[in-house]
Amino acid sequence: KNMPSPIALWHERVHAHQQKYSKFYFFTLYLWKYSFNARFRLQKEAEAFRAQYKYAQKAIPDRNKRSVYVNFMVKTLADPKYKLDINEKIAREIITK
């Protein structure tokens, strides 16, 4: 089975923290906003991808491998599935900010 890498889990850890104190009503509101509000979704993903990027800087000492991983992150954030209407250049700026 493919297990998420510790670096990818860092990204999900940020999302868990974003929802940590949410009671049912607020969690439901969070999910609704995430699903239907692109600006909110971008804020949450930007925070998670930046944390993932910072963790990758420490966890991947090889510069070339780190570059490949960062490119993967950029392509992921710019992917149409997030419905953020951003290109890879903008995604890279967001992640490496």
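Colleague: Where does Lys 83 have its place?

Modeller: This is a predicted model, where local features need pLDDT of at least 70, side-chain atom pairs count only at pLDDT 80 or more, and totals for chains, interfaces and linings use all residues. Residues are numbered from 1 along each chain as its sequence is written, and side-chain values use heavy atoms, with hydrogens and water left out. Helices (H or I, at least four residues) and strands (E, at least two) are DSSP runs, numbered from the N terminus. Going by those runs, Lys 83 falls in the loop between H4 and helix H5 (88–96).

Colleague: And is Lys 83 buried or exposed?

Modeller: The cut-offs for relative accessible area are under 20% for buried, over 50% for exposed and partly exposed in between, with a 1.4 Å probe and protein chains only. Lys 83 has 63% relative accessibility, so it counts as exposed.

Colleague: What about the backbone there: what is the phi of Asp 85?

Modeller: Most residues other than glycine have a negative phi. Lys 83 is not a glycine, yet has a positive phi of about 50°. Asp 85 lies in the loop between H4 and H5 too, and it is exposed because its relative accessibility is 79%. Asp 85 isn't a glycine either, and its positive phi is near 55°.

Colleague: Which residue's side chain meets Lys 75 in a salt bridge?

Modeller: A salt bridge here is a side-chain nitrogen of Lys or Arg within 4 Å of a carboxyl oxygen of Asp or Glu, and the count by this rule comes to 1. At 3.5 Å, N to O, the side chain of Lys 75 meets that of Glu 88. The pair links distant parts of the chain, 13 residues apart, with Lys 75 in helix H4 and Glu 88 in helix H5.

Colleague: How far apart are the ring centres of Phe 49 and Tyr 82?

Modeller: Rings of Phe, Tyr and Trp (its six-membered ring) pair if their centres lie within 6.5 Å; planes under 30 degrees apart are stacked, over 60 edge-to-face and the rest tilted. The count is 6 aromatic pairs, and in one of them Trp 32 and Phe 36 are tilted because their planes sit at 45°, with centres 5.5 Å apart. Phe 49 and Tyr 82 pair edge-to-face, with 80° between the planes and a centre-to-centre distance of 6.3 Å.

Colleague: How many residues apart in sequence are the parts that this pair ties together?

Modeller: Phe 49 is buried at 3% relative accessibility, and so is Tyr 82 at 14%. Phe 49 lies in helix H3 and Tyr 82 in the loop between H4 and H5, so the parts tied together are apart in sequence by 33 residues.

Colleague: What is the C-alpha to C-alpha distance between Gln 18 and Ala 48?

Modeller: Gln 18 belongs to helix H1 (residues 6–19) and is buried, with a relative accessible area of 16%. Leaving out residues up to four places away, Gln 18 touches Tyr 30, Lys 44 and Glu 47. Gln 18 and Ala 48 are 30 residues apart in sequence, and their C-alpha to C-alpha distance in space is 9.3 Å.

How values were computed. Contact means heavy atoms within 4.5 Å.
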